[in-house]
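Hi,

Here is the structure I said I'd pass on. Have a look at it first, and my notes follow below.

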Amino acid sequence: MPPPEGVIHEQRIAYFSMECGILSQIPTYAGGLGILAGDIIRSSADLRIPLVAVTLASRHGYFRQEIDGEGRQHELPFEWDPGKLMEDAGPRVTVRIAGRDVQIRAWRYVQQSPTGGKVPLYFLDTDLSGNASVDREITDQLYGSDRRVRFAQEIVLGCGGVRMLEALGYPIRKYHMNEGHSALLGLELLHRHGLDEGEVRERCVFTTHTPIEAGHDRFGYALVDDLIEDDADRALLRKYGGEDELNMTVLALNLSAYVNGVAKRHRDVSTRMFRGYTIYAITNGVHSFTWTAPSFRRLFDRYLPGWANEPELLVRQQVIPNEYVWQAHQESKRSLVEYANRLTGSHLCDETLTLGYARRFTPYKRPTLLFSELERLRKACGCGKVQIVIAGKAHPADALGKALVAEVHRLRKELAGEIEIAFIPDYDMDIAARLVAGADVWLNTPERPMEASGTSGMKAAHNGVPNFSVLDGWWIEGCIEDVTGWSIGPPPEEEVSPEDGLSWELDDIYNKLGYVIRPLYYRRRDEWIEVMNNAIGTVAYYFNTHRMMRRYVTEAYL
Ligand SMILES: *Cc1c(COP(=O)(O)O)cnc(C)c1O
């Protein structure tokens with residue numbers, strides 16, 4: 001079966017990502033990394049960038065989150081059937097894992113844009129009857145906790161992905177690795193180019209996402225050698241991926257001529273972490289149309305026609321009358337409030353200042369920082385003047401992350417009657433879209449410098465929702481105090497001890513909430529709407545994947 005697009009001979013960018021957020025019904029994403037992959041595919045289709053994407057089928061998904069009466073997270077498999085949503089692309093390719101041939105097939109999803117652009121996305125799947133039963137399960141679970149399965153997944157993605165694109169007949173101009181999970185593609189390319197590392201480097205682009213040493217994906221050679229039997233491959237991995245252990249980031253760095261971090265600050269942090277490599281910065285964005293709520297889409301269509309494929313037009317948001325901006329926001333807010341109340345039995349009110357917080361639950365994101373000092377929080381929130389909507393999943397193996405989910409539920413009970421808190425279970429793309437549009441203020445409190453970029457705040461900005469966040473990742477570039485939103489804690493260049501940093505952050509959280517944000521929201525509505533306008537005209541105008549992809553094309557792909 002030939003690929004669906006006419007121009008198969010056109011050289012393409014092959015985009016590899018372990019996770020991919022394309023639709024809520026396709027649960028093959030865990031967080032920002034996957035949503036970014038989805039937004040890259042959506043913007044590339046709109047801009048008619050010749051891109052083809054590869055990911056894993058993850059038939060059991062990441063997981064479905066259920067919360068019990070004690071606030072504990074339970075994980076249920078989220079089974080989905082690729083055959084119901086897309087077609088088998090045809091070819092079978094084989095990789096060798098632990099001495100067995102493992103067959104792979106690919107399901108093709110085509111992202112179609114109203115501009116006529118199309119980007120095919122292939123979901124690699126080992127669930128084939130010819131495979132041994134352990135091998136059929138390789139592509140079941142996204143980010144499974146078992147290291148052996150995880151490395152097998154990376155063989156399927158990296159090596160299998162290159163072979164599949166070849167079998168499908170795509171001539172590839174560049175291979176773009178979204179994080180190191182797909183770095184084994186470099187090994188595959190070395191063989192195709194007579195082990196000429198220069199040739200391979202010219203073809204590879206690597207985007208790193210992890211600002212700390214411990215976060216990098218690595219494997220001991222005992223495990224690697226168990227799964228990869230070829231002596232030449234073993235030697236190549238040691239040469240390019242590290243002597244003592246296989247570090248997928250190092251492998252990707254050594255085999256890519258173009259490397260970038262996902263925000264300027266992240267570039268600086270990565271450059272310090274990996275001496276001797278040149279790392280550029282292309283700050284992340286989000287797909288404007290996807291993350292703009294229907295109420296604002298209508299408004300932008302009327303006043304800024306063409307905005308969806310040219311988000312720069314948002315620079316003219318001042319042409320939209322303030323009352324319409326407010327009405328559009330209230331429409332999204334009512335929809336969120338009704339949804340959350342119906343789903344969780346909470347008592348949110350659409351006239352109350354609403355903080356939104358949603359992301360992966362893991363310690364560095366500090367989802368409970370806001371609740372560090374409850375007396376100060378109570379005071380900052382006035383009597384019933386602030387409510388909070390929260391969502392997020394913890395990785396099944398992240399015990400501390402799961403404890404944070406439980407802690408938020410405990411706090412919700414403790415604060416009942418004083419501060420209304422709704423926790424929406426099973427965070428996904430649809431819930432994200434509702435939350436970023438329906439909150440009044442989008443909160444982010446990560447531990448610096450762990451937030452490589454962050455993107456949910458950019459989604460909020462597209463809906464006129466200002467950010468109130470720690471100065472890390474993208475917000476360092478987006479924050480203009482009192483103009484686009486508010487900062488929490490010290491500026492990035494400020495050298496402060498962890499204790500001083502924390503007390504600075506808590507002072508900002510409680511003081512700005514109580515003395516700046518709350519009074520502005522309730523008493524100076526016109527000035528509040530100006531901040532909303534700036535979120536659109538200054539933040540969304542820039543932090544979108546259309547701008548980002550144009551930069552990838554001119555700086556990394558051409
Ligand atoms: C946008 C998004 C994320 C990323 O959020 P951050 O706050 O940037 O970490 C994670 N999960 C889902 C479902 C999203 O839509």
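From which domains does the lining of the second largest pocket draw at least three residues each? From domain 1 (12-66 + 73-285 + 547-557) and domain 2 (299-542); the bounds come from an automatic or database domain assignment.

Before the rest, some ground rules. This is a predicted model, where local features need pLDDT of at least 70 and side-chain atom pairs count only at pLDDT 80 or more, while totals for chains, interfaces and linings use all residues. Residues are numbered from 1 along each chain as its sequence is written, and side-chain values use heavy atoms, with hydrogens and water left out.

Back to the two domains. Their centres, taken over C-alpha atoms, are 31 Å apart. The contact between them (heavy atoms within 4.5 Å) takes 35 residues from domain 1 and 33 residues from domain 2.

Now the pocket. On a 1 Å grid over the protein atoms alone, a pocket is an open set of points where a 1.4 Å probe fits, with protein on both sides within 12 Å along at least five of seven lines; lining residues have an atom within 4 Å of a point. The second largest pocket has a volume of about 470 Å³, counted as the space filled by probe spheres set on the points, which are joined across faces, edges and corners. Its lining has 23 residues, and Thr290, Pro294, Arg297, Asp430 and Ala433 lie nearest the centre. Helix 15 gives the most to this lining, with 6 residues. (Helices are DSSP runs of H or I with at least four residues, strands are E runs of at least two, and both are numbered from the N terminus.)

Next, Asn544. This residue sits in the loop between helix 19 (525-540) and helix 20 (545-557). Asn544 counts as buried because its relative accessibility is 2%; the cut-offs are under 20% for buried, over 50% for exposed and partly exposed in between, with a 1.4 Å probe and protein chains only. Leaving out residues up to four places away in sequence, Asn544 touches Gly285, Val286, Ser288, Pro311 and His462.

Last, some backbone details:
- Arg448 and Pro449 are joined by a cis peptide bond, with omega about -5 degrees. Pro449 is in the loop between strand 17 (441-444) and helix 16 (456-462).
- Ser58 is not a glycine, yet has a positive phi of about 35 degrees. Ser58 lies between strand 2 (51-56) and strand 3 (64-67), in a loop.

Cheers
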